[in-house]
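Please find below a short note on the model, arranged as numbered points. The points may be read alongside the sequence and the structure.

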Amino acid sequence: MKIAVCDDEKVCRDRILTFIKPYQEKNHQICVDEFVCGEDLLNAYLSGETYDILFLDIQMNDLDGIETAHKIKETDKNAIIIFITSYVSFISETFRAGAFQFLVKPVDQTEFNSDFERAMEAYKISHHKHSLKQKEGLISIEINEIYYIEVYQRHLFVFVEDGKYECT
């Protein structure tokens with residue numbers, strides 16, 4: 001699981017990183033990258049990086065968190081975005097940008113833990129894999145990659161973006 005923390009305030013980034021650390025110690029597959037502005041985060045996406053969970057500050061210089069979220073959602077609809085800000089007046093705008101949650105600064109650890117655990121559960125559900133036995137062998141497909149499944153004469157046809165798989 002890849003996590004991005006994007007905030008122009010080092011104190012806030014460090015606080016979020018401190019809250020994530022116990023989860024990383026339990027699950028070594030969690031890796032975190034930090035960014036000081038939306039432009040740097042978008043540049044990471046342009047270079048091929050993707051993130052499963054993003055913590056985005058709303059108020060940043062140049063490209064704010066809401067604009068950054070809109071641009072990320074254009075290419076990565078599965079990204080789980082948690083906005084962080086001191087201004088509650090932005091709540092409705094964050095949900096228009098595809099927010100999963102909204103945290104108010106200074107972020108409380110209990111609230112963080114609750115919302116982060118919900119985000120990790122949402123990630124697990126959307127990235128659940130199903131195994132299909134084919135003539136060529138066993139393959140795994142993430143559930144969210146399946147467009148639809150068709151049944152015809154004891155055969156299953158699983159349709160995904162780049163084609164279909166058949167199994168009996």
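1. In this predicted model, strand β1, helix α1 (residues 10-26) and strand β2 form a β-α-β unit of right-handed sense.

2. The two strands of that unit, β1 (residues 2-6) and β2 (residues 31-35), run parallel and are joined by 5 bridges. Within this pairing, Cys-6 has Phe-35 of β2 as its bridge partner.

3. An open sheet of 3 strands is also present, with antiparallel pairing and the order β8-β9-β10. The edges are held by β8 (146-152) and β10 (163-167); each has a single partner strand, so one side of each is left without a neighbour in the sheet. On average, and with direction ignored, neighbouring strands of this sheet are turned by 20 degrees against each other.

4. Which strand is joined to β9 (residues 155-160) by 5 bridges? The strand is β10, and the two run antiparallel. Val-158 is paired here with Tyr-165 of β10 as its bridge partner.

5. Val-88 lies in the loop between β4 (80-85) and α4 (91-96). Is Val-88 buried or exposed? Its relative accessibility is 52%, and exposed residues are those over 50%; Val-88 therefore counts as exposed.

Terms used: Residues numbered from 1 in each chain as written. Predicted model: local features only at pLDDT ≥ 70, side-chain atom pairs only at ≥ 80, totals over all residues. Heavy atoms only, no water. Helix = DSSP H or I, 4+ residues; strand = E, 2+ residues; numbered from the N terminus. Buried < 20%, exposed > 50% of the residue type's maximum accessible area, 1.4 Å probe, protein only. Pairing = 2+ DSSP bridges. Axes fitted to C-alpha atoms, helices over the stretch in contact; angles between N-to-C directions. Right-handed = clockwise from strand over helix to strand, strands pointing away.
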